[in-house]
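Okay, thanks for coming, everyone. Let me put the structure up and then talk you through a few pieces of it.

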Amino acid sequence: MVFNSIPFVLFFVVVFFVYWFPLKKNTKAQNVFLLVASYFFYGYADWKMLPLLMVSTIVFYFLGIGIGRAKTERVASWLKVLGVALGVGLLFYFKYLNFFIDSFSRLFESIGLHTNWHTFNIVLPVGVSFFTFRLISYVLEIDHGEIEPTQDVVDFATYVAFFPCILSGPIDRPKFIDQLKQKREFNYNQAVDGMRQILWGLFKKVVVADNCAIFVDKVFSTYTEQSGSTLLLAIIFYSFQLYADFSGYSDMAIGVGKLLGLRITRNFNYPYFALNVADFWRRWHMSLTTWVTDYVFTPLNFQFRRWGKVGMILAIIINMVVVGLWHGANWTYVLFGIYHGLLFVPLVFSGAFMKKDQLRTNRIGLPVLRDLGCMLLTFGLVLIGWVIVRSESVGQAWEYVYGMCNASLFSVPLLINRLYYLPVVISIAIMLILEWINRGKEHPFELNEDQQLPFFRKLIYWLIYYLIIISIIAFAKSNQTFIYFQF
Amino acid sequence: MKRFFKFCLLLCLPVFLMAIFYIVLDPFKVIWHYDLYYQSDDFIQLNRGFVSAMHYANHHEEYHYDSYIFGNSGSIAYHEEDWKKYIPETSVCYHFDVFGGSVGDLYGGIKYVSRQGDLKNVLMILDIGSLSTSENKGILFSVPPILKKSNLFKFHIDFFMAFYKIDFFLSYIDYRMNQQFNPDMEGRLINPNWKLGYNPINNELIWEKQEESIEKGTYYDANRIRIIEQGQFPEKVAKPGINKERMDMIRKMKAIFDAQMTNYRIVIGPSHNQVRINPDDLQFLYDVFGQEYVFDFSGINRWIFDYHNYYDAGHYRSCVANEIMQIVYSKK
């Protein structure tokens, strides 16, 4: 049941009405209902794994209480370690076990040792990477004294399984539970903002991402036969596909949350306007990167502090490999992590790593030449990373990059038909322009409802909404899923 | 909350307007009632399964059909006048074809018809496509809920979305305004040069213009010959297509034939790609319907060596169908 489907619309209409009408005055009942709806939503996607979600929720609930009530720090610490081990173990078993068996088996065979190891037939539960990170952060934050363990199992289970975020994030932190404890009032401004954000997310997913995918899939399936220019164009399209797909999903999730009176953490901050790779990772999949920064990078950086900048680089590379591996069990993701980790090296040595540069614009609102150059350079470096992510193997990634670097890079790229390119390029341009103009906001359609807009400006806004809606219908493809579901 | 609902209504305004425009126009003829689904000025391809079912519903009381040709678009080659040489002259025939229809979809048609009338004679035309488990996508091939358990709402939403798909909609508007077919519209609108004929009594489609062109010697140009002749796999055997669900449907189909004492024949047509039906599937059909009633022409056969036996890579001509019927009905 993806957000851009009729079943989800029907599901959400029912949830919305029950939540805000019969249950309006009863916060507890609202939470129970949200939990039931979330389990229904998850079960609709993968009912066989619903018990896993429920059992792991209950286990972590009691672990949280156990840590909170532990009489000594040692016991609390052991319970925390148990929680982290369970969470990581869950991920390891479902996501990485076969990868490690296969990799070690190959490694031993390459040095002449024959193993008789077999991989298992393991089905990856949908959303496992997202809900396990929520569970792990819960025990860690209790142990760090940042939050108190919740006594309410419904609140905790709703936080873990909250349906807008369960399949593809954002990865909310346990502070989200505080919102569930508070009474919720329907807020017109917040709800309208949620609707606008959903609309923007839909546009990015349906119009930009799904249409870019047509060209990308075609080129990647025949990459050995394509010219350098076609390969370059395909990876540029893929970069927009990936961004529009994932940030579109996040926008829709956040919008749905707003309609229910709940704030979901922001996941993207216009990453393609980043001035360097560090800046890029502060803007891309922010809920994951802040999670990994807090729980992986910071402790590692502390451990390696006596090695100075080398220690920091090591911590960054490990951190980026974790980010890469989180996406999937494949050597391409490890390479992706190492690649991005290495991109940080000049930033660490130049001191630009921690510096948060502000984008500077000229009189007509465009970036100044230096910043534009930095943005393009960052985008180019990120593109190489996306080749690695999109490839099925490290070898394919290498062949792809190699295929780009020859004289055919200056030839005319493959043309599907004229009716294909124009709308795709226009939709990417619209996305970038609107995001550039509104880069100070959470999403381009964010408006201050209390501010009285002149009639003409209101009219322009409504015309843009209508054009977006019409384009969503005109470009919709059936059965398109979200890329990040696979993670 | 009222203010929010007003906002939502205003936001959905273009969707409502588009829906009204679509409903009024009903370009695919799936909303309103039509006595006659095909008109001379048609330029949009209709969902054949829907037309077959609705035309039958509209006319079976008038004509009292009792003999049926079931199949996908491959069955268009079979005509009532030729079939009548092998079944009683008094039979009233109906061509119930479902474009891209699988054997399960044909079962839907048989069940639908058997609830309303007699099934004295049935000629069921299958091919590798109708036994394949891969589904044809698109509104032309979506099986209407009247024939198959499926979501009526989704069926209509698919048509609505297909109408506003940018490339289709632009072609539609262009043709409506200029009444001119241009090559860009190929695959979206009906090319008037190749429009099929139609018999409103028995719901038969006829390769009329194609036959005329063949007679004139203009039909088989180099491109068409290339398309027909490419993609032949004489060594290939199709993957098994009759799964448990289909086994059940086929058995139920046989039960209907038995209950109605139907004189039936099952034909697996000569696909030009030469792919042979999976032996397990064939054996299952033999077991259920009886070997003397199932005729397999898949794989290498005498028609595939001459492209003149085919209109295109997926459709054989009536001359082939006539030969097949002769073989089928000569066996006692």
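I'll go through a sheet, then the chain contact, then a helix pair.

First, the housekeeping: this is a predicted model, so local features need pLDDT of at least 70 and side-chain atom pairs count only at pLDDT 80 or more, while totals for chains, interfaces and linings use all residues. Residues are numbered from 1 along each chain as its sequence is written, and chains are lettered from A and ligands numbered from 1 in the order in which they are written.

So, the sheet in chain B. Five strands make an open sheet, ordered β2-β1-β3-β6-β7, with parallel pairing. Strands here are DSSP E runs of at least two residues, helices are H or I runs of at least four, and both are numbered from the N terminus; two strands pair if DSSP finds at least two bridges between them. Who's on the edges? In chain B that's β2 (93–97) and β7 (294–296), each with a single partner strand, so one side of each has no neighbour in the sheet. From one strand to the next the twist averages 15°.

Let's look at β2(B). Strand β1 (residues 67–71) of chain B pairs with β2(B) in the parallel sense over five bridges, and B:Gly71 sits opposite B:Asp97.

16 residues of chain A are in contact with 18 residues of chain B, where contact is C-beta atoms, placed from the backbone, within 7 Å. On chain A's side, α9 (188–221), α18 (418–437) and α19 (455–475) give two or more residues each, and α19(A) gives the most, with seven. That side divides into 16 nonpolar, no polar and no charged; nonpolar is Ala, Val, Leu, Ile, Met, Phe, Trp, Tyr, Cys and Pro, charged is Asp, Glu, Lys and Arg, and the others, Gly among them, are polar.

Last, in chain A, helix α3 (residues 50–69) packs against helix α6 (residues 153–161) at about 125°, axes 10 Å apart.

Note on methods
Axes are lines fitted to C-alpha atoms, for helices over the stretch in contact, and angles run from 0 to 180 degrees between N-to-C directions. Two residues are in contact if their C-beta atoms, placed from the backbone, lie within 7 Å.
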